[in-house]
Structures are given as C-alpha cells and as structure tokens.
Amino acid sequence: MDLNSSTVVVAGLGISGQSMVDILRDRAARVISVDERKEDADLRSFDDIVWDGVDLVCTSPVFTPRTPFIVEARKRGIPVISEVELAWLLRVDNARTGEPAPWIGITGTNGKTSTTEMVSVMLTACGLQAPAVGNIGKAVSRAALDPANDVLCVELSSFQLHFTYSLALAGAAITNIGADHLDWHGGLERYAEDKSKVYDGARRVIAYNAQDARVTELASEARAAEGCVHVGFTLAEPQAGQIGVRDGWIVDMSGIAGGEVGEETRIARVADFAHLTEPDGTVYPHLLADALTALILVYAMDVDHAVAVKALQGFKPGGHRIEEVARLTTDGATVRFVDDSKATNALAAQASLRSFAPSSVVWIAGGLAKGGRFEELVAQEHDRMKAAVIIGVDQEPMLEAFRTCAPDVPLTVIDPAGAGSVMRRAVDAAAALAEPGDVVLLAPACASMDQFVSYADRGDQFASESRRWVDEHAAA
C-alpha cells in the first residue's frame, strides 16, 4: 500500500487510532488526527476537516457507519477503513519465513477474547511468536509491522470488520451470534453480515459453531479459498466434519486431528482442562466451546498437537471471566462470589448462568442494554436464579423481562443515583439473599460505561466489595 503522496485522516486517538497515527507518520504525505476529547489531536472537531485533498479515512471502532464525517467521506468517494484493514495492507514479511505472518482471526458475540488467548498460548508453547492482538486491547497495526511475529492471533469485533475488506486469514472462527450492538449496526442482520466477513478468503480452516444455526449458515455461504476446510464445533456428540464431546472426551470427527473424516479421534478428557469446570466437575459450557474453537484453529497450523493440548490444559482465562473472587464458608458450606463482568450481552450471561446449579445463583445484572432485550434469557435461565439484583441506569429492559417471563424471581433494584456506591450496595443486597451453597454471580448481560469506566473496572469493584463483605461477615 503506497501512501507516499496521500493525505490520511485518522478518526479517534484511542489505542488503535494512536497506533495508526504513529505508523502513518512515516508512510503518508500528511496525517490529520481528529479527536474531540484529546488535546494533542490535530483537529478537535470533525467539522474542521477540509475534505479537498483527503485520500483516505482510517476510523476507530467507536464511530458508526452513520456518523456524519463517515457519511461525508463516502459521499465524496473517499475510502473509509479500519485499523485492521490498514494493518493487513501494510503488514511486513516475517524474518524467519520471508513471507507475511499468517493471521488467525476470531469473532463472535461471546468468547472472542478467551478463544484468542487460548490460540496464542498454544502456538507460543509450540515455539512461535504468536501474540494476541486486535480488539483484545493490543493494536494489530503495530504487531503487523513487527517482523519477529510468526503468527498473529487477532480478536476481531464487528465494528472493526465493518470497515475491513481485504482479509484472507489462515484460520477464521465465529464463536456464536446473538443480539448485541444492534444500535451500532442498525439490526441483527447487518451485525451478522459484518461478522461473516471474517470468513472471506480464509485459506486453511473455517471454525464455526455447529449449534448456532445462523453461524452454520454463514459458514456454508463463506467465500473461502479453494481447499479451505470447514470444521464445526459442538458441545454435543460430534458428527462427521465436527469436533465435540463424547463420554467425557474431546473428540474429533473432522479429520483435523489426524484421523479420517467421520472417524473418531480422541484428543483429551474434558476433566484434564482445569479451567473448563467448576470444582465439582460441572462444565463451563462457554469456555469448553472456546477451547474447541481454539483447537480447530491451532490444529490447522503446522505445529505439534501434543504440545498445544498440554498448553491448553494449563491455560487460565483472563480476568473478569467466570473468576471466583471471594468466598465465605460457614459450617462446611460456602457462599461464592464469581466475577464474570466480561459477560456484556445476553448470550454471554446465559452461558455463565448455565454453569451453575438450579436455584443457586443470586444474579447481579444490568447496565447499558445497547438496544438488546432480555426476555429470552430470563425465560430460559430463571430456574438457575434464587434472586436477582438489578444495577445500571438503563434498567427498564431487564425489569420488563422479569415482569413478563419470571415474575416469581425476587428482585432488588439498586437506585442508579450515586454511581460511586452502586457496587457496594449491589453486593450487600445480593449477599443478603445468598445462602450457603449459593453463588453471587456478576454476569450483567450489559455494557458497563453507564456507571463504570469499563467492564474491568466493574469487575474490580465487584471483587473488592465481595472481599469486603466476606471480611466483615467472617469476623462476625
């Protein structure tokens, strides 16, 4: 991509935007950064852009396709691309192979981060420099320009994919698709369409959720390269062409693990992966699905499968993903506090709730609904709940779901006023409802930015308040 004579506008100076500015300064004739909140931006208003002479717009994920400056650029015929697209076009050759490092891309409503981290851990154990980058928080554009990287494990959001056009990934996965970010995309169909772009041009393997009808259809319609293998993953017993679970074993029937298609190849016992189960052996279904996805993607690479599996067995999920943060044991029975703040949509919260026994969960839920609804979630999972504590400024969608689908579940509604004490009040209310053997679960099904800096801040506050509550009551 030759930008020597180009003027490039970079919209937004977050992690990806700042990375694009740094990279383009040495490659483009002129770079104009625009951010209404950053004092070091070249322009503080998009109204100040002089469009004559602008050749390219590189946009951060926060800006929707309906943002006025994007509409104006497209009206003028100026290309608008994501940081992912820029990274792909500017990527350099790997120092070892002399060719650009292959990318493995993972998208989906839930499970992107865990799957990306699992792939990175396995490939790194196999001797490759394979960082986890992209939507995971590390700029993919910086990683794409580092010749030491052998493989890039890229978490891809639907926002990034919308303005991405040229990817041809070595391995591509969609973990699942549920209603999320509908306000950004303008509807579920457009959201799914953007997700499906991860499959375009895929060269080695497409991994798809065989229990998700929409994802299965997208995989069947994918415009992948000739010879690309399609492998479905399922938490049930796999059919030919799939990887799944049978008799407590992860088994492959796709041939990707070395056997013939339709022939069972045992990979490992589920119980040998400590991060996939509760202490009593109850499987975390969403983490198991992530592991199956990661195995498909790694097995398609030229690496030692045994080493990869051993690395996955020792994997620990990142923070705020179904993580026990406190416990109070009384007379041999325990109330546990579990942080799954990363469950920012209904699909993720559903998977989290399903990890626990019926009538054992005091659920802390709510936040920014992002245009989503929760009737299906509450209707299907209310039997897991002993009670629910509702936080957030945007409470009505969650409350309406309980009114219509589970009116018998006891509710405590936390007054949104006084954001600084919201989590303290929520934990106090939830813990008061919990009995020995129960779980106080933060899996909000909503975004966090109404009352917290981020989902990580929300989870950190939950952990701190949970430990505070345990300390107070252990002393008593």
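Predicted model: local features only at pLDDT ≥ 70, side-chain atom pairs only at ≥ 80, totals over all residues.
UniProt, in an unreviewed entry, puts the feature "domain: Mur ligase C-terminal" at residues 333–446. That span is 32% helix and 22% strand, and its end C-alpha atoms sit 31 Å apart.

Now to the helices. Two packed helices are described by the angle between their axes and the distance between the axes. Helix H10 (residues 285–299) turns up in two of the pairs described here, with H11 and with H4.

Take H10 and helix H11 (residues 305–313) to begin with: they pack at about 155 degrees, and their axes are 11 Å apart. Because angles over 145 degrees count as roughly antiparallel, H10 is roughly antiparallel to H11. The crossing of H10 past H11 is right-handed. On the H10 side, the residues in contact are Ala-291, Leu-295, Val-298 and Tyr-299, and they meet His-305, Ala-308, Val-309 and Leu-312 of H11. Sorted by class, that contact has seven nonpolar residues, one polar and no charged ones.

H10 also packs with helix H4 (residues 112–125), where the axes come within 9 Å and cross at roughly 45 degrees. H4 and H10 are therefore oblique to each other. H4, too, passes H10 in a right-handed crossing. H4 brings Ser-114, Thr-115, Met-118, Val-119, Met-122 and Leu-123 to this contact, while H10 brings Leu-287, Asp-290, Ala-291, Thr-293, Ala-294, Leu-295, Leu-297 and Val-298. The class tally for H4 with H10 is ten nonpolar, three polar and one charged.

The remaining pair is made up of helix H1 (residues 15–25) and helix H3 (residues 83–90), whose axes come within 10 Å and cross at roughly 30 degrees. Here the crossing is left-handed. Ser-16, Ser-19, Met-20, Ile-23 and Leu-24 are the H1 residues in this contact, and their partners in H3 are Glu-83, Leu-86 and Leu-90. By class, the H1 contact with H3 comes out at five nonpolar, two polar and one charged.

How values were computed:
Residues numbered from 1 in each chain as written. Heavy atoms only, no water. UniProt positions renumbered as here; feature names shortened; annotations may be inferred. Helix = DSSP H or I, 4+ residues; strand = E, 2+ residues; numbered from the N terminus. Axes fitted to C-alpha atoms, helices over the stretch in contact; angles between N-to-C directions. Parallel < 35°, antiparallel > 145°, perpendicular 65-115°, else oblique. Left-handed = near helix turned anticlockwise from the far one by under 90°. Contact = heavy atoms within 4.5 Å. Nonpolar A, V, L, I, M, F, W, Y, C, P; charged D, E, K, R; others polar.
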